[in-house]
Amino acid sequence: MPDLPTIHLPAELIPADGRFGSGPSKVRTESLLELGVTGSSYMGTSHRKERVRSVVAAIREGLRAFFSLPDGYEVVLGVGGATAFWDAAAFGLIERRSQHLVFGEFSAKFAATVDGAPHLEKPERIEAAPGTRPDPVPNPDVDVYALTHNETSTGVTAPIARPRGVEGIVVVDATSGAGAIAVDPSQFDAYYFSPQKAFGSEGGLWVALCSPFGISRIERVAATGRWIPRFLDLRTALDNSRKDQTYNTPGLATLYLLRKQIDMMLDQGGLDWAVKRSLRSSSILYDWAEHSEYASPFVARPEDRSPSVVTVDLVDDVPADIVEGVLRDNGILDTFGYRKLGRNQLRVACFPNIDPTDIEKLTRAVDFVVERL
Ligand SMILES: *Cc1c(COP(=O)(O)O)cnc(C)c1O
């Protein structure tokens, strides 16, 4: 990369918090301080005892309220993040064949995971170019529909709706959508995410909201006697979650920060509040880009534009890596586009922890930098 020009942003253009990464994302400093204050009473204590299990119980109860889960739905958790859940799903949710909507790096990775599984048939892949999205196609030959609520690599959001007239379960990668984009639980059977995105916690954990239909699928697949590695066994995860614990040792800080984030969002007004806040931040960015001489929203159709991860293309003579570097020198972090997408692009998280006022400042900061390049 060429040398970065030295550009100092005026203080009034510097956001109060400069973290705009799409994951790991901004963790509330208040929560970090509260974690510190627990001192010797929480960190470093057994995850099989009441102190930690009460945090897991609060997470499970809190998410049930936050997502207004109907009776019979369960909150299941395990170690390893969304990436581990893909492997777990390949072993424990897909009976024979899955359909994958592939429209970016993350949805492609899940499809690739399944593609190599010797106990499954080749998945059906329905692809769309980056910046757009495909629709599921009802197919009696598949038993899992693998959807993605928000393609973090491109900033495209997709509606979560059951394909009509078919039996398959709906399994949703909601990692960067959960907690920022509205969803109707009647439309999914497993809605899974890692907590380092909209839930402003740490990585290394997966959470899955499972419908009764999803739970019966877990039980049915386990009953076939298929070999399933213990770490990836969803039955084991379900049994442990029901006891407010995980199969193996979780990150206690991750759990604590997740619980604090859920509590905060519930206090503010729950999912409705979170959705509105992300929408406010993202609207500021999309409006700015649409009126800019040198920037434009990457996603063409307004209804596909993510409210939680915003992607903005820059014209060729405004190099995004220079803009990103100058912002970074000024304490404004992680506005780079997804590397493998390979575009001249900025990408900005608009998760509920991000203050819309800071997004407003960011747009003015970018203008300030570009005027001086
Ligand atoms: C971040 C992300 C993942 C991967 O999450 P890990 O916690 O790193 O495993 C998967 N899917 C989507 C949509 C993501 O945004």
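Begin by selecting the seven strands that form an open sheet, arranged in the order β1-β9-β8-β7-β4-β2-β3 with mixed pairing. The model on display is predicted.

Next, select β1 together with strand β9 (residues 205-210). These two strands run antiparallel and are joined by six bridges. Within this pair, display Gly78, which stands opposite Trp206 in β9.

Proceed to helix α4 (residues 105-115), which packs on the sheet. Its contacts are with β2 (98-102), β3, β4 (144-148), β7 (169-173) and β8 (190-193). To judge its orientation, compare helix α4 with β2: their directions make an angle of about 155°.

Then select helix α6 (residues 234-242). Which strands does helix α6 lie across? Helix α6 lies across β1 and β9, and runs at about 115° to β1.

Select Cys210, a residue that is buried, with a relative accessible area of 3%. Continue to Cys350, where the relative accessible area is 0%; this residue is likewise buried. How many disulfides does the model contain? The count comes to zero, where a disulfide would require a pair of cysteine sulfur atoms within 2.5 Å.

Conventions
Residues are numbered from 1 along each chain as its sequence is written. This is a predicted model: local features need pLDDT of at least 70, side-chain atom pairs count only at pLDDT 80 or more; totals for chains, interfaces and linings use all residues. Side-chain values use heavy atoms; hydrogens and water are left out. Two strands pair if DSSP finds at least two bridges between them. Helices (H or I, at least four residues) and strands (E, at least two) are DSSP runs, numbered from the N terminus. Contact means heavy atoms within 4.5 Å. Axes are lines fitted to C-alpha atoms, for helices over the stretch in contact, and angles run from 0 to 180 degrees between N-to-C directions. Buried means under 20% relative accessible area, exposed over 50%, partly exposed in between (1.4 Å probe, protein chains only).
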